[in-house]
Amino acid sequence: IGVGGKGRSDVVGVASENIVALCDVDEHRGADSFRRFPRVKRYKDFRIMLEKEKNLDAVTVSTPDHTHAVAAMMAIKLGKHVFCQKPLAHSIYEVRALGQAARKHKVSTQMGIQGHSNDGLRKLREWIEAGVIGTVREVHYWTNRPIWPQGIERPLEQYHLPKYLDWDLWLGPAPERAYHPAYHPFKWRGWWDFGTGALGDIGCHAMDAAFWILDLRNPRRVAAERTPVNSETAPLTSRVTYHFPALPNRPEVKVVWRDGSLMPTRPEELGEGRALPGGNSGQLFIGDKGKIAADIYCRDPKLIPESRHLQLLANSPDEKYPRSPGVYKEWIRACKGGKPAGANFPDYASPLTEMVLLGNLAVRTGEIIEWDASKGRVTNISRPNQYIRHSYRNGWNLS
């Protein structure tokens, strides 16, 4: 479901299996996948595909964010295993609903965060648990996203609808509006009706490592600073600070997210002329005995300064966590009766995405957010309900 853009590589990722049907609302965007599998049935509407293809075992969902939940939920309720791109869904309500449904229907699920299957993630956890940088109390993220327009109002120009695009199906559950190339392709990420901004795009990748290693579920407080906002698009730049309460095995943790090419304070230990690992998009763990930096996907974490990293490589902790065969192979193995995939919906993808999207709640309201995870609600302010649970157009819902 969605076989152009990122969907193209997701189809390739599961091409070891029997591809039965391909679905895309845009014939041009889906063309490469259609050519790769010329004998496979084609659909534009995933609802029709799921109704007709009774023997499907599993589906991938690689659509814009606003369609993730309705597509994944329909598949789950039909007993299909689901691989869904990040962020898991468009709202906190949808995130929770998908996690609960996947558990209820006992299907195998995986969210598309390839970094969670990287060796570097496991290596980083082994280092931190071995005390290489001592106790971690701060984690910082930075990204060059958005690399699409944000901080803009709805366009007023009129455009002819391309013949190869079914705009009504592309809108899906979102409120009706006229087609404009400001939304599709790719630029939809910045529009609140369709995407989740820079934080939604990269946050599930970037925050994955700290979420797993430090158990960063259920922040107590989230606050945001940002450039001017409007009701249509995410801001050009934001800095979001999460505060996580202490757990029995760790102290309180502060997490700072930066987008719009904001950078953290340069660590003194880095050394003159050396760039942070990850360049314009990365992560930095700060312990009381040292610092570790990595790129967004945690592919090659490095202890800084370099001299300490070289010493660590010469005497690295033993491997403690099994290495992954890859994000797609993990899921396929789970579909065939193996152990659950690492980023499955109920145990991992749902709470990770909820944590990320709480940052957007702070960005959009401009208020400090105090969150009661047990009740799924903000406790300190009244907030627009549509920021947590939005409405759907007729014909598109989670029921």
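1. A search of the whole structure finds 13 aromatic pairs, where rings of Phe, Tyr and Trp (its six-membered ring) pair if their centres lie within 6.5 Å. The model is predicted: local features need pLDDT of at least 70 and side-chain atom pairs 80 or more, while totals for chains, interfaces and linings use all residues. Residues are numbered from 1 along each chain as its sequence is written, and side-chain values use heavy atoms, without hydrogens and water.

2. Trp-212 belongs to helix H9 (residues 208-214) and Tyr-321 to the loop between helix H10 (306-314) and helix H11 (327-335), so the pair ties together parts 109 residues apart in sequence. Helices are DSSP runs (H or I) of at least four residues, numbered from the N terminus.

3. Tyr-321 is buried, at 18% relative accessible area, whereas Trp-212, at 21%, counts as partly exposed. Buried means under 20%, exposed over 50% and partly exposed in between (1.4 Å probe, protein chains only).

4. Ring pairs also link Trp-167, Trp-170, Tyr-179, Tyr-183, Trp-191 and Phe-194 into a cluster.

5. The axes of helix H4 (residues 65-77) and helix H5 (residues 92-105) come within 10 Å and cross at roughly 15°; axes are lines fitted to C-alpha atoms over the stretch in contact, with angles from 0 to 180 degrees between N-to-C directions. H4 and H5 are therefore roughly parallel (angles under 35 degrees).

Technical notes. Helices (H or I, at least four residues) and strands (E, at least two) are DSSP runs, numbered from the N terminus. Angles under 35 degrees count as roughly parallel, over 145 as roughly antiparallel, 65 to 115 as roughly perpendicular and the rest as oblique. Rings of Phe, Tyr and Trp (its six-membered ring) pair if their centres lie within 6.5 Å; planes under 30 degrees apart count as stacked, over 60 as edge-to-face and the rest as tilted.
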